[in-house]
Amino acid sequence: MTVRTKPAALVVAKSNGYRDDAGQSKVEPHVGLEFDSAEEAQEFYSAYATQLGFKIRIGQLYRSRVDGSVISRRFVCSKEGFQTNSRTGCPAFIRVQKADSGKWVLANVKKEHNHEFEASGELCPPRIQRKSVPTPRSSCGGASRTGIRSHEDDGPSGVVDMKRLKKEEIDGIVGPIGEPYKGLEFNCANEAYKFYYTYAANTGFRIRIGQLFRSKNDGSITSRRFVCSKEGHQHPSRVGCGAYMRIQRQESGRWVVDRLQKEHNHEFESPTDPSRTVTVASKGYREEGNSVLENLDLVETNGGLSLVKRVRESNIDSDLYNLLLEYFQSRQAEDTGFFYGVEMHEGKGMNLFWADARSRFGCTQFGDAIVFDTTYRRGSYLVPFASFVGVNHHRQPVLLGCALVADESEESFTWIFQAWLRAMSGHRPVSIIADQDRAIQNAIAQVFPGTHHRFSAWQILAKEQENLGALLSMDAEFKYEYETCIFQSQTASEFDSAWNMLMNKYTLRENMWFKEMYRMRKSWVPLHIKGTFFAGIPVDGSLKSYFSTILTPQTPPNEFVVRYEKALDQRRDEERKEDFNSFNLQAVLHTKDPIEEQCRRLYTITMFKVFQKELLECYSYVGIKINVEGAISRYLVQKCGNGDERNTVAFNASNLNITCSCKMFEFEGVLCRHALKVFQIMNIRELPSRYILHRWTKNAKYGILRDADSGGGAQDFKALMLWSLREEARNYIDAGAASLERYKLAFEIMQEGRRNLCWPN
């Protein structure tokens with residue numbers, strides 16, 4: 001459309017304007033300026049640009065993760081970026097955000113340009129194509145799916161090139177051409193699309209291009225889906241229609257309809273002239289393809305699909321970017337252990353990562369199980385902030401690093417994980433909890449090989465509702481059987497049997513999400529997770545957010561650093577209080593068992609209470625020896641009067657090794673009631689040190705007293721010693737510099753220490 005200036009838009013705020021040569025009042029963009037629509041804001045900025053002597057383009061948009069509606073838009077100088085020789089990376093832009101009132105408010109503005117203007121007032125308002133970016137798909141496809149490309153050759157490639165669907169190609173299609181059926185063949189994917197589009201027009205519905213699948217061998221497209229336009233629920237106009245046609249490429253190069261669903265769950269519109277419909281659709285797709293799709297890939301995000309730009313652009317506010325770089329430099333001057341990194345891509349700053357000395361030291365003791373927290377992806381956050389969070393010895397969240405995510409590509413997540421690994425001296429986690437998006441999965445597999453990736457609980461629940469919501473809400477029997485399968489299965493064969501029963505009984509064999517979740521069961525089913533150490537983070541939930549309510553979706557970029565530091569101080573103050581309590585208070589003993597006294601002496605108060613609960617519970621259990629093989633005895637341990645809860649414990653009398661089928665120690669690092677019952681039966685009066693993890697003890701942060709059997713080479717201990725001494729020295733310096741008297745005392749102690757360590761004078 002041609003952008004025209006609107007007088008109403010130009011007199012919104014007379015107090016912040018200027019006058020042109022004719023003496024007319026003009027409004028400059030400023031924060032707080034309101035518009036009735038995003039289009040009005042675009043027209044206002046275009047008129048403003050015309051007066052000054054530059055042109056604009058439509059920049060990024062942001063969608064609500066609740067209903068998919070656009071909630072924020074950026075309009076940028078036409079010389080923004082570096083994709084063509086005419087662009088200079090100009091930072092000028094405005095960003096408007098949709099308010100609760102329905103108005104669009106100017107939230108950010110950057111007026112400075114890095115280039116000369118053209119003659120003011122001599123420009124024609126630029127023609128800007130209105131772009132409708134397709135919303136994420138709801139279904140979850142196979143691992144081989146990658147993306148749509150609109151500039152590849154057709155034929156065996158399977159690319160649907162709408163530029164080729166011109167009027168002359170369909171002049172002969174003016175009436176009904178038959179209904180689709182399984183086995184119907186086409187020469188190419190374009191031909192199949194034209195056929196289904198024409199069938200839809202004759203019937204009274206519209207279609208969209210759905211997901212595609214690629215070969216794992218050569219990346220070529222092997223299968224495509226065309227769906228009803230009302231498929232999914234991302235927009236109020238969509239009703240979750242299940243109608244679709246899928247085509248599959250044969251060895252001959254031809255394409256065959258292999259799956260088909262004709263039933264719709266909505267009323268049809270009046271049939272339209274198919275030749276006109278396809279011509280209009282071709283035009284619309286062609287326009288959209290020129291401006292959007294040529295730079296987009298279809299990638300998996302949040303378990304669904306989104307179109308992501310191939311030409312990478314940063315979602316990080318440029319002002320915040322500069323503010324953080326200044327903050328990093330000042331922090332590095334104060335904290336010699338402060339680490340930060342900036343990803344540069346084609347001369348542009350992209351992702352940011354940082355970690356202070358406290359976080360890097362904390363990783364040596366609490367970096368075994370981490371959460372990659374991307375809460376910003378769940379709502380309309382103004383700052384794309386992600387954090388690495390662990391669990392400390394008080395079961396509190398502990399910060400292990402931070403990042404701003406430029407875009408949600410595999411390249412971004414890979415760079416961020418690699419930066420974290422460098423900051424933590426190559427210390428890889430045993431386990432990580434992160435979203436299940438394909439980009440994140442691939443990045444974790446590449447940077448943390450061998451690390452167990454567990455999917456975020458919130459995402460599993462969201463996708464369950466999206467794909468099984470109707471069954472879960474309307475069929476109580478299905479809900480019971482589904483949850484029993486997931487949470488009650490004790491063995492892999494039990495789970496497989498229950499899952500197959502669900503597929504057969506409720507006709508779920510063709511449900512793509514259901515099939516995909518079975519393939520990835522080791523990343524979310526409790527049975528497959530509980531054998532890996534996750535520091536006790538519950539399977540049905542994640543660790544409490546480190547930044548809780550301090551960093552919210554509404555946090556403006558210019559307040560980010562202040563709020564970030566406030567949250568940091570608050571969390572670390574909470575940790576100091578728990579440290580004080582553990583060293584100065586004692587929990588009450590409830591038994592005369594020497595094991596209880598042993599654990600009270602070693603564990604923090606929080607962890608002792610966890611252990612104490614298991615110890616007290618073990619008194620209501622009985623253990624029955626079921627077999628003996630050499631030094632290994634096996635016991636069946638069950639609760640008195642409850643035959644349903646049964647666990648098997650294996651005890652090796654030669655080395656006091658013990659394992660339980662409940663896997664609590666493997667998952668949480670604390671012995672379970674079943675193992676403690678067997679220790680009671682065998683009259684074990686003291687727990688072997690390997691069953692009291694150093695990370696849960698009072699001294700977890702001080703020194704490197706670790707069990708000899710915990711593994712780790714000389715290099716691991718060297719890193720631990722360096723970080724431990726550095727952290728203690730930092731605290732020592734802070735305390736010694738508090739006053740002149742303390743300084744003198746601290747200096748004398750250091751000199752005495754140097755003599756004891758035989759340092760040369």
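Hi everyone, this is a quick walk through one protein chain, from the overall picture down to single residues.

First, the ground rules. What you see is a predicted model, where local features need pLDDT of at least 70 and side-chain atom pairs count only at pLDDT 80 or more, while totals for chains, interfaces and linings use all residues. Numbering starts from 1 along each chain as its sequence is written, and side-chain values use heavy atoms, with hydrogens and water left out.

Okay, the overview. The chain comes to 19 helices and 25 strands; those are DSSP runs, with helices being H or I of at least four residues and strands being E of at least two, numbered from the N terminus. Of the 761 residues, 50% are buried. Buried here means under 20% relative accessible area, exposed means over 50%, and partly exposed is in between, using a 1.4 Å probe and protein chains only. Now contacts, meaning heavy atoms within 4.5 Å: among those between residues at least 6 apart in sequence, 59% join residues at least 24 apart.

On to salt bridges. We count one when a side-chain nitrogen of Lys or Arg is within 4 Å of a carboxyl oxygen of Asp or Glu, and a search of the whole structure finds 35. Take Glu179 and Lys262, with their closest N and O atoms 3.0 Å apart. Glu179 sits in the loop between strands E7 and E8, and Lys262 in the loop between strand E12 and helix H3, so this pair ties together parts that are 83 residues apart in sequence. Lys262 is partly exposed, at 33% relative accessibility.

Arg259 and Glu510 make another salt bridge, at 3.5 Å between the closest N and O atoms. Arg259 is in strand E12 and Glu510 is in the loop between helices H10 and H11, 251 residues apart.

Then there's a local one: Glu574 with Arg571, at 3.2 Å between the closest N and O atoms. Both are in helix H13, three residues apart, about one turn of the helix. In general, an α-helix has 3.6 residues a turn, so residues three or four places apart point the same way. Of this pair, Glu574 is partly exposed at 29%, and Arg571 is buried at 8%. There's also a salt-bridge network linking Arg331, Glu334, Asp335, Asp356 and Arg572.

Next, helix H9, residues 476–488. Which of its residues are buried? They are Phe478, Glu481, Tyr482, Cys485 and Ile486.

Now look at Pro557, in the loop between H12 and H13. Pro557 is buried, with a relative accessible area of 7%. Leaving aside neighbours within four places in sequence, its contacts are Asn108, Asp317, Leu320, Leu323, Leu382 and Val383. Tyr321 is 236 residues from Pro557 in sequence, yet their C-alpha atoms are 9.2 Å apart.

Last stop: an unreviewed UniProt entry lists residues 647–683 as "domain: SWIM-type". UniProt positions are in the numbering used here, feature names are shortened, and annotations may be inferred rather than shown by experiment. In the model, that span is 38% helix and 27% strand, with its end C-alpha atoms 20 Å apart.
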